[in-house]
Amino acid sequence: MSDSLERSTRTNMLKESVVKKLGEVLDKSVDKGWRKLGEIVASDRRFKVSSDDMEMCSLKVLDKEGSPSLMLLRLMGERGCTTGHLIDYLQTLGNLEALQCLKTPPLQFVIQPQSVAVICGHNLRLSCHAMGKSTVQYQWFKLREEVPNSSSPELLISPVQLKDAGFYICRVNSGDACEFSQWAQVDVLNVTTSYVPGQSYQSIDGRLKLAIQPQSQRLHVGETLQLECGAVGRPIPRYQWHRNGAPIPNATKRKLMIPQVMQDHQGRYRCEISSSTERMWSNEVNVVIDDIYAIGGGSCELFLNSLPEQLYATDKVALLIGNLSYKNHPQLKAPMVDVYDLTNLLRQLNFKVVSLLDLTESEMRNAVDEFLLLLHKGVYGLLYYAGHGYENYGNSFMVPVDAPNPYHSANCLCVQSILKLMQEKETGLNVFLLDMCRKRNIHDESTPNIVLRVTANIVFGYATCQDAEAFELSSTGFINGVFVKFLKKRLLDDEKITVVLDRVAEDMGQFDATKGKQALEIRSSLSERRALTDPILPGDNADLVHAHSRQWAKAHELPESMCLDFDGGAQIKLGFAAEFSNVLVIYTHIMKKPEDMSFCQAHVTDFSLDLDVDPKEMNRETPEETGIYLLSSSLPQHCLYTRLSSLQKLREDLVFTVRLQGTFAAMEDDPPIIWNKSVNIGKPLIARLDLHRAVRRNSCLQTCMIPHSPSQSPCHSPGPELHHHLHHGSHHAQDYNRLSLQHCYLDLSEHAQGAVGGCGISCYDHLSQCGLEGTYESDGHLSSPGKLSIPIEATDDINELQTVFINSLHLQPQ
C-alpha cells in the first residue's frame with residue numbers, strides 16, 4: 001500500500017487525529033469493530049492481547065474518553081505493533097473505512113501560515129508549503145478576493161499598509177487534489193500617533209514587542225472612552241483589558257471602547273498582552289470621569305437644561321431568553337448564538353443583562369417577574385425572545401420548552417401581558433425583539449382582553465410579519481439567525497431605536513435567501529428620540545433601583561477560582577466561566593505534581609441530579625467536546641472542561657467532587673491512587689434567583705387578557721427580513737398539515753456534490769475549480785476539503801469572517 005503511512009511506524013507514534021478517527025470508526029462498527037480486531041490481534045502471539053486486556057478495553061466506555069478502540073490501539077502500540085501490522089489486521093477484518101484512515105492524504109501541509117501583528121511600513125511575509133504527488137500550485141486570498149501576483153508559497157507585501165490588515169488563506173492544488181490552508185489574521189499597527197523616540201518596534205524572531213501604549217484620559221459622563229494598546233509578534237497577540245486590577249468581561253481586543261461612560265468607569269486601566277509563550281503588560285493609565293452633578297453648582301437640572309435634546313435612562317435592564325431544546329416540538333440551534341451575541345453587545349451599552357437558555361413555563365414566568373422588579377420610572381427595559389411562538393388576535397405568545405403538543409395560551413407567555421405590567425412601572429422605553437413565528441394557533445381560541453395605557457415609549461421588532469413564519473437555516477454548525485446577523489451590526493449605533501431597526505430591515509431585505517418568505521416588521525408608538533446608547537442618570541428612586549440591581553447582579557456572580565492541595569502532593573486549579581446566566585463552565589488544571597508521579601489527572605464528578613449532566617460529556621480535553629462552542633477561545637488551555645446547563649433548576653448549593661487520579665513511577669503496575677475533595681460553590685449565577693420555585697399568584701404571566709397589539713401607531717413596515725434561526729414549527733399540528741416542518745427550514749446542509757443549496761441558495765461560485773465547497777461543522781466553522789480552520793489568535797471578528805466568507809462569496813440565487 002504505497003499510499004499508506006510508513007509501515008514501520010509504531011501505531012503509538014501515529015498522529016492523534018489519525019488515531020482518533022480510527023477509534024471512532026472501530027467504535028461504531030458492530031461486526032467489524034474493535035472486538036473483532038482484538039480477536040485477530042490476540043491470535044498473533046507477538047502482541048499478547050489477553051482476555052483481561054479486552055475486558056479493560058470494554059470498561060473504557062465508562063471513562064471520559066469512552067472509547068474501547070483507543071485503549072486497544074494504545075495497548076497494541078505499547079507492545080510493538082506497527083502501522084504495517086495494523087494494516088494487515090484491518091485487511092483481515094475487512095473494514096475498508098478503517099483502512100482509509102491510514103491512507104496518506106494526496107496533499108499535505110508542511111508549513112501553515114501564521115497570524116501576525118506588524119507595524120505599518122514594515123514587511124509582511126506569510127508562508128504556506130505543501131507536499132503532493134505532483135507539482136504543487138498556490139493562490140493566496142484576502143477574504144474572498146484573490147491577492148494579485150500571489151501564486152508562490154511566500155506571500156510578501158512590502159511595505160505593508162493599514163489597508164492590508166485582514167484575514168488571509170492559501171489555496172493549494174496538486175493534480176486533482178485541492179486543499180485550503182488555515183486562516184491567518186494580519187493586524188497592522190499604526191504607531192505614528194504614539195511614537196516613542198528611540199523605541200524600536202521591530203519584532204525579532206516573532207517575539208512580542210509592545211508598540212502602542214494606552215494614554216490617560218479625562219472625560220465627562222456620557223462621552224466615549226477609547227483606549228488602545230498594541231504589540232507586534234507572531235503568532236498574533238491576545239489582549240485582555242483590566243480595570244483596577246480586575247479583568248473587564250469581553251474586553252479582548254486591542255481597542256477598548258466604552259460608549260456613554262459613567263462615574264463607575266473611572267479607574268486605573270491597563271492591558272495584558274499574551275501569546276502562547278509570553279505575557280506582558282501595558283502601562284497603567286488613569287481614566288477620570290467628571291461628575292455631571294457638579295456642573296452648575298451641583299444641580300442636575302441645570303445640566304439637563306443645558307442639553308435639552310439629550311434623553312437619559314434611569315437604568316437599563318435586559319432579559320434575553322433562547323429556547324432550543326423543546327420536548328414536544330422541533331429543536332432549534334440559532335437562539336443560543338443569538339442570545340450570546342446580543343448579551344455581549346447590550347452589556348457594552350451598559351444594560352444589566354440576564355441571558356437564559358431552555359426555560360420551562362414556570363421558569364420563564366419567574367424570570368420575567370425578576371425582570372420586572374428592576375423596572376422603575378425612566379428605566380429602559382428590553383426583552384429579547386428566540387424560540388417557537390405564535391400570534392392570535394394581535395397577541396404574541398412565547399412557547400416554553402415544556403409546552404405540550406398542541407399548546408394553548410395557558411401554556412405560554414403573553415408578551416402583551418408583560419407589557420401591561422411594564423407600563424405600570426412608568427418605564428422610559430420598552431423594547432421587545434421577538435424572534436419567533438407569528439402564525440395563528442387554531443388550537444387556541446381564547447380572546448384575551450387587557451387594556452393597555454396609551455404610552456409613547458413602546459417598540460416592537462418582529463422577526464417576521466403577522467401570520468407569517470420565521471425560518472431557521474438548516475446547518476450542522478452554530479450560526480446567527482438572520483435577524484441578529486444584521487441587528488448586531490447596527491445595535492451600537494447612536495440612533496433612535498426605530499431608526500436602527502429600519503436600517504436592519506433594509507439590510508435584511510438585501511439577503512436573497514429569504515426574499516418573499518420573511519420580512520422584519522416594526523411597530524412603534526415611540527414619540528421621543530430614545531436610543532439604546534442613551535446614558536444612565538439615576539432618578540429619585542436610585543436607592544431602590546440599586547437594591548434591586550444587586551439582586552439582578554447575582555445572576556452574573558461567578559464562584560471564585562480556587563487551588564486544591566491533595567495529600568499526594570499535587571495541586572489542582574479549579575476555575576469557572578459563564579457562557580450564559582444559566583450555563584456554567586468548570587475547568588480543572590494541574591498546577592503541580594510530584595516529580596515521581598508519572599500520571600496525574602483531575603476530574604469533577606458527583607453533581608446534583610437536578611442538573612442532569614451526562615458523564616460522557618464531562619471532563620473533556622477541549623471545550624468543544626463538551627458543547628462549549630461560544631466561550632472556547634477565551635478559556636485557558638490544557639485543562640479538562642465541563643459544561644453545566646439549566647442552573648435555574650438547582651434547588652440547593654452546588655456541591656461536587658474533584659477527583660484526582662495519580663500513578664507513581666515506582667508503582668506503575670498498580671492501579672491509580674484516587675484522592676477526592678468535596679467542593680461547595682453555593683448557588684452560582686441564575687441559581688441564586690430560585691427560578692424553580694412555584695409561580696407567584698401575582699405573576700405577570702397569567703393568561704393575558706389583552707385584545708390587540710398595543711402599538712398600532714405609528715406602524716413601520718420595512719423590507720423583507722432574513723432569518724436562519726427563526727422559529728419554524730412554532731404553530732403546532734395544524735401547521736404540520738399545511739406545511740411540512742422541513743419547509744420551514746432554509747436548507748444549508750451538505751450535498752453529495754459539495755454544493756450547499758435548498759430554498760434558492762446555491763452556495764459556491766467560480767472562486768476555484770475545487771470550489772471552496774464545504775459545510776458547517778460542530779464548531780460553527782466552515783469545513784472544506786482541507787477544512788478551513790480558524791486561528792485561535794483571531795479576535796471575535798473571525799466569527800463574522802465566516803459569515804462574510806460564506807454569504808458574500810458563495811450565496812447566489814439559483
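Leu429 touches Val379, Tyr380, Gly381, Asn457, Val459, Ile497, Leu526, Arg530 and Leu532, leaving aside residues up to four places away in sequence. Touching, or contact, means heavy atoms within 4.5 Å. Leu429 lies in strand β27. Strands (E, at least two residues) and helices (H or I, at least four) are DSSP runs, numbered from the N terminus. Leu429 is buried, with a relative accessible area of 0%. Buried means under 20% relative accessible area, exposed means over 50%, and partly exposed lies in between (1.4 Å probe, protein chains only). Lys316 is 113 residues from Leu429 in sequence, but the two C-alpha atoms are 9.3 Å apart in space.

This is a predicted model, in which local features need pLDDT of at least 70 and side-chain atom pairs count only at pLDDT 80 or more, while totals for chains, interfaces and linings use all residues. Residues are numbered from 1 along each chain as its sequence is written, and side-chain values use heavy atoms, with hydrogens and water left out.

Now the whole chain. The secondary structure comes to 16 helices and 43 strands. Of the 814 residues, 55% count as buried. Take the contacts between residues at least 6 apart in sequence: 73% of them join residues at least 24 apart.

Lys316 leads us to strand β21, residues 316-322. In this strand, 7 of the 7 residues are buried. In a regular strand the side chains alternate between the two faces of the sheet. Both faces of β21 are covered. On one side are Lys316, Ala318, Leu320 and Gly322. On the other are Val317, Leu319 and Ile321.

Which strands pair with β21? One is β23, which pairs with β21 in the parallel sense over 7 bridges. Here Leu320 stands opposite Tyr384. Another is β22 (residues 352-357), joined to β21 by 6 bridges and also parallel. Here Ala318 faces Val353. Two strands count as paired if DSSP finds at least two bridges between them.

Compare strand β13, residues 225-228. Its covered face holds Leu225 and Leu227, and its uncovered face holds Gln226 and Glu228. β13 pairs with β17 (residues 255-258) in the antiparallel sense, over 4 bridges. Leu225 stands opposite Ile258 in β17.

Next comes an open sheet of 3 strands. The order is β24-β25-β26, and the pairing is antiparallel. β24 (389-392) and β26 are at the edges with a single partner strand each, so one side of each has no neighbour in the sheet. Between β25 and β26 there are 2 bridges. Met398 stands opposite Leu413 in β26.

Is helix α11 (residues 415-424) enclosed or open? It is largely enclosed by the rest of the structure, because 7 of its 10 residues are buried. They are Val415, Gln416, Ser417, Ile418, Leu419, Met422 and Gln423. The cover includes helix α10 (361-373) and strands β23 (380-386), β25 (395-398), β26 (413-414), β27 (429-435) and β28 (458-462). Just after α11, Glu426 takes a positive phi of about 55°.

Finally, look at how helices pack. Two packed helices are described by the angle between their axes and the distance between the axes. Helix α1 (residues 16-28) and helix α4 (residues 68-78) pack at about 125°, with axes 8 Å apart. Axes are lines fitted to C-alpha atoms, for helices over the stretch in contact, and angles run from 0 to 180 degrees between N-to-C directions. The two helices are therefore oblique to each other. Angles under 35 degrees count as roughly parallel, over 145 as roughly antiparallel, 65 to 115 as roughly perpendicular, and the rest as oblique.

In α1, the contact residues are Val19, Lys20, Leu22, Gly23, Leu26 and Asp27. They meet Pro68, Ser69, Leu70 and Leu73 in α4.

Helix α3 (residues 51-59) also packs on α4. Their axes come within 7 Å and cross at roughly 140°. These helices are therefore oblique too. Asp53, Met54, Met56, Cys57 and Ser58 of α3 make the contact with Pro68, Met71, Leu72 and Leu75 of α4.
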